[in-house]
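My notes follow the structure.

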Amino acid sequence: MEIIYQPWSWFVSGFLIALFMFLLLLLGKRFGMSSNLRAFCSMCGGGKVSSFFNYDWKKDSWNLFIVVGTILGGYLAAHYLSHGAMPHINESTQLALQDLNISSENAYLPNELFSIAALSNVKTWAILIVGGFLIGFGARYAGGCTSGHAISGLSNLQLPSLIAVIGFFIGGLFMVHVLFPLIF
Amino acid sequence: MKKIIYILLGLIFGVVMYKSEAASWFRIYEMFRFESFHMYGIIGTALVFGIIFIQLIKRFHIKTFDGQAITIEDKDKSVYRYLFGGIIFGLGWALAGACPGPIFVLIGAGFLPVLIVLISAVLGTFVYGLLRDKLPH
């Protein structure tokens, strides 16, 4: 049991993610989390303003049950399968975080961004809103996110997915190395 | 019955994302600084086994549980949409420290501010839908 409460190794986790994708394929489905965001838009009547949302989202309702499960999984893992051990990140990463005034002590996510108290700061709202917007816009523009391209697409040796993943890294590296010192 | 299978599969995925720390903002930041092997290990292992599983499906014509043939459509050929869309997604991934899967994991784990990220991501998807015909693909 003890091994479950510890953070899981990259090897076990990576294998389980591939197995998850494999099981979905055997169920006749495709692994991709960001398509749910499109389904939300359609459910809210987005089809009235853009034909992009005018599709039969009920056909993809299986993916919404995956979402329900994913939320439950997060709850279960955080409350019942963890001792509260937090990500043990590299020391030089911790030093870089200090320069940005972000504490890396004893937290799964930075308190400066994801605690209720942080919401009293307008900047926190701006970061969360802009971050979310770029994720949603970019994922749909690129036709998939980490699950659809970096895992499913690359597993199927798709060149478009490789281009998308290169894009993910160009954007991510630019954000962390160029924009972070300006933002934080 | 099938609904329960999908919920259970999602649950396992959610637990893996949380326990592997792939849902942690810190791990994403560390990854983009190339200061740890952890995230590369997760994605790399998933890829190696993913390639093996898909090759098995193709070589042995493995069918779905319902007995249907599994055909995985190729992605449309293009550079623009994958590169530009990818860069925009990458900027958001690094800033919010979460991609769409982990967003749901973190909401379940009780990080309520992540709800703002989710709502905003739905909005971003919506705006893409509005601008789609005007963007290079």
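I started with helix H4(A) and looked up its buried residues: A:Trp62, A:Asn63, A:Leu64, A:Ile66, A:Val67, A:Gly69, A:Thr70, A:Gly73, A:Gly74 and A:Ala77. Buried means under 20% relative accessible area, exposed over 50%, partly exposed in between, with a 1.4 Å probe and protein chains only. Helices are DSSP runs of H or I, at least four residues, numbered from the N terminus.

This is a predicted model, where local features need pLDDT of at least 70 and side-chain atom pairs count only at pLDDT 80 or more, while totals for chains, interfaces and linings use all residues. Residues are numbered from 1 along each chain as its sequence is written, chains are lettered from A in the order written, and side-chain values use heavy atoms without hydrogens or water.

What covers the buried part of H4(A)? I found that the cover includes H2 and H3 of chain A, together with H1 and H5 of chain B.

Next I checked B:Ile103, which lies in H5 of chain B. B:Ile103 is buried, at 1% relative accessible area. Beyond its neighbours within four places in sequence, B:Ile103 is in contact (heavy atoms within 4.5 Å) with A:Ile135, B:Ala98, B:Val114, B:Val117 and B:Leu118.

Last, I looked at H2(A) against H3(B). They pack at an angle of about 35°, with axes 7 Å apart. Axes are lines fitted to C-alpha atoms over the stretch in contact, and angles run from 0 to 180 degrees between N-to-C directions. Residues in this contact include A:Phe15 and A:Phe22 of H2(A) and B:Phe49 and B:Phe53 of H3(B).

How values were computed. Helix = DSSP H or I, 4+ residues; strand = E, 2+ residues; numbered from the N terminus.
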